[in-house]
Amino acid sequence: MNEKQFKQANANLNRSQQKPAKSGLSSGMIDVIDKNPSPLCKCGKPRQKVFVKWAGKYIHSKWCPECEYNYENEMAKQEIIHRHESIKKAIKREIEPIYYNSSLDDFSEQIKQVLIDKPADQGVLIWGKTGTGKSHLASALIKEALKAEQRAKMVRFKDMVLSIRASYDNNKTEESILRPFISCHLLSIEDIGTIRSGKVESDFCQDTLLTVIDARLQRNKPTIITTNLSPEDLWNAFGTRLASRFSTFLIFKLDGRDRRLDKN
Ligand SMILES: [Zn+2]
């Protein structure tokens with residue numbers, strides 16, 4: 001580089017350093033807009049101008065501010081509708097039709113308060129005679145969880161046992177059958193102790209129930225159990241191993257008078 005070239009390069013450098021930096025609403029930005037007159041929105045109004053930081057310039061958004069606002073509102077509405085639909089589907093999938101409309105409000109204030117006040121991860125053992133509202137209450141609790149967009153499942157103990165037995169013929173593993181019952185946030189196991197009422201449950205039934213309850217306790221996931229048997233009869237039917245698991249459960253009896261509305 002000769003002296004003349006050196007001076008020229010220096011002068012260029014100084015000139016570029018003296019240029020005001022283009023940022024925010026500098027004249028540089030206005031130029032970008034002026035050179036690109038605003039195209040129109042589908043409604044005929046001028047499109048919205050948006051400053052794009054990474055590009056360092058204004059661009060025209062797809063719509064005018066009003067249409068943009070309406071679009072965002074519509075998207076938000078659609079999302080809410082979609083979530084409501086998913087919740088409805090889950091309720092239909094998990095809850096028996098006669099309990100679709102079940103609610104904690106169907107029960108006495110005392111029952112409601114006990115269930116609301118208990119720690120979120122504590123299990124519940126509901127016992128009482130047939131027709132006292134055990135499934136109704138369990139359904140109401142499952143529905144609450146589903147409405148909060150938690151994964152919740154209801155299963156009859158008999159069906160759980162039968163599906164494991166069937167798995168041996170279907171080349172499925174016991175683990176794959178039990179996985180959804182173990183992984184869901186809230187599980188309700190209906191009618192335990194009715195397979196051979198008044199007698200000792202088979203080892204298979206005892207082991208199945210213990211496997212599910214133990215796995216859920218380890219994961220701090222609450223389980224709801226309903227049964228016609230008194231806790232004493234239940235420990236006799238399932239053995240002391242199960243009794244020890246229930247020491248952490250909230251245990252209460254329904255006698256049918258706790259329901260406000262005699263729907264079922
Ligand atoms: Zn518009």
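This note sets out numbered points on the fold, helix packing, core and selected residues of a predicted model.

1. Basis of the model. Local features are taken where pLDDT is at least 70, side-chain atom pairs count only at pLDDT 80 or more, and totals for chains, interfaces and linings use all residues. Residues are numbered from 1 along each chain as its sequence is written.

2. Overall content. The chain comprises 10 helices and seven strands; helices (H or I, at least four residues) and strands (E, at least two) are DSSP runs, numbered from the N terminus. Of its 264 residues, 23% count as buried. A residue is buried if 20 or more other C-beta atoms lie within 10 Å of its own, exposed if 12 or fewer, and partly exposed in between, with C-beta atoms placed from the backbone. Among contacts between residues at least 6 apart in sequence, 72% join residues at least 24 apart; a contact requires C-beta atoms, placed from the backbone, within 7 Å.

3. Helices H3 and H5. The axes of H3 (residues 65–94) and H5 (residues 134–147) come within 9 Å and cross at roughly 155°, which makes H3 roughly antiparallel to H5. Axes are lines fitted to C-alpha atoms, for helices over the stretch in contact, and angles run from 0 to 180 degrees between N-to-C directions. Angles under 35 degrees count as roughly parallel, over 145 as roughly antiparallel, 65 to 115 as roughly perpendicular and the rest as oblique. Ile 87, Ala 90, Ile 91 and Glu 94 of H3 make the contact with Ile 142, Lys 143, Leu 146 and Lys 147 of H5. These residues divide into five nonpolar, no polar and three charged. Here Ala, Val, Leu, Ile, Met, Phe, Trp, Tyr, Cys and Pro count as nonpolar, Asp, Glu, Lys and Arg as charged, and the others, Gly among them, as polar.

4. Helices H7 and H8. H7 (residues 174–183) packs against H8 (residues 203–218) at an angle of about 40°, with the axes 9 Å apart; the two are therefore oblique to each other. Leu 178, Phe 181 and Ile 182 in H7 meet Thr 211, Val 212, Ala 215 and Arg 216 in H8. Five of the residues in this contact are nonpolar, one is polar and one is charged.

5. The core. Which residues have the most contacts inside the largest nonpolar core? They are Ile 126, Leu 137, Ala 138, Leu 141 and Ile 142, in a core of 37 residues. The largest share, seven residues, comes from H5. Such a core is a set of buried Ala, Val, Leu, Ile, Met, Phe, Trp, Tyr and Cys residues joined through C-beta atoms within 7 Å. In soluble globular proteins, nonpolar side chains tend to be buried together. Not counting residues up to four places away in sequence, Ile 142 touches Glu 94, Ile 95, Ala 152, Met 154, Leu 186 and Ser 188.

6. Positive phi values. Most residues other than glycine have a negative phi. Glu 149, in the loop between H5 and strand E4 (152–156), has a positive phi near 60°. Glu 149 is exposed because 12 other C-beta atoms lie within 10 Å. Asp 191, in strand E5 (residues 186–192), has a positive phi near 55°. Asp 191 counts as buried, with 20 C-beta neighbours inside 10 Å.

7. Ala 237. This residue lies in helix H9 (residues 231–238). Ala 237 counts as buried because it has 22 C-beta neighbours inside 10 Å. The C-alpha atoms of Ala 237 and Ile 192 are separated by 9.8 Å, although the two are 45 residues apart along the chain.

Key: Contact = placed C-beta atoms within 7 Å.
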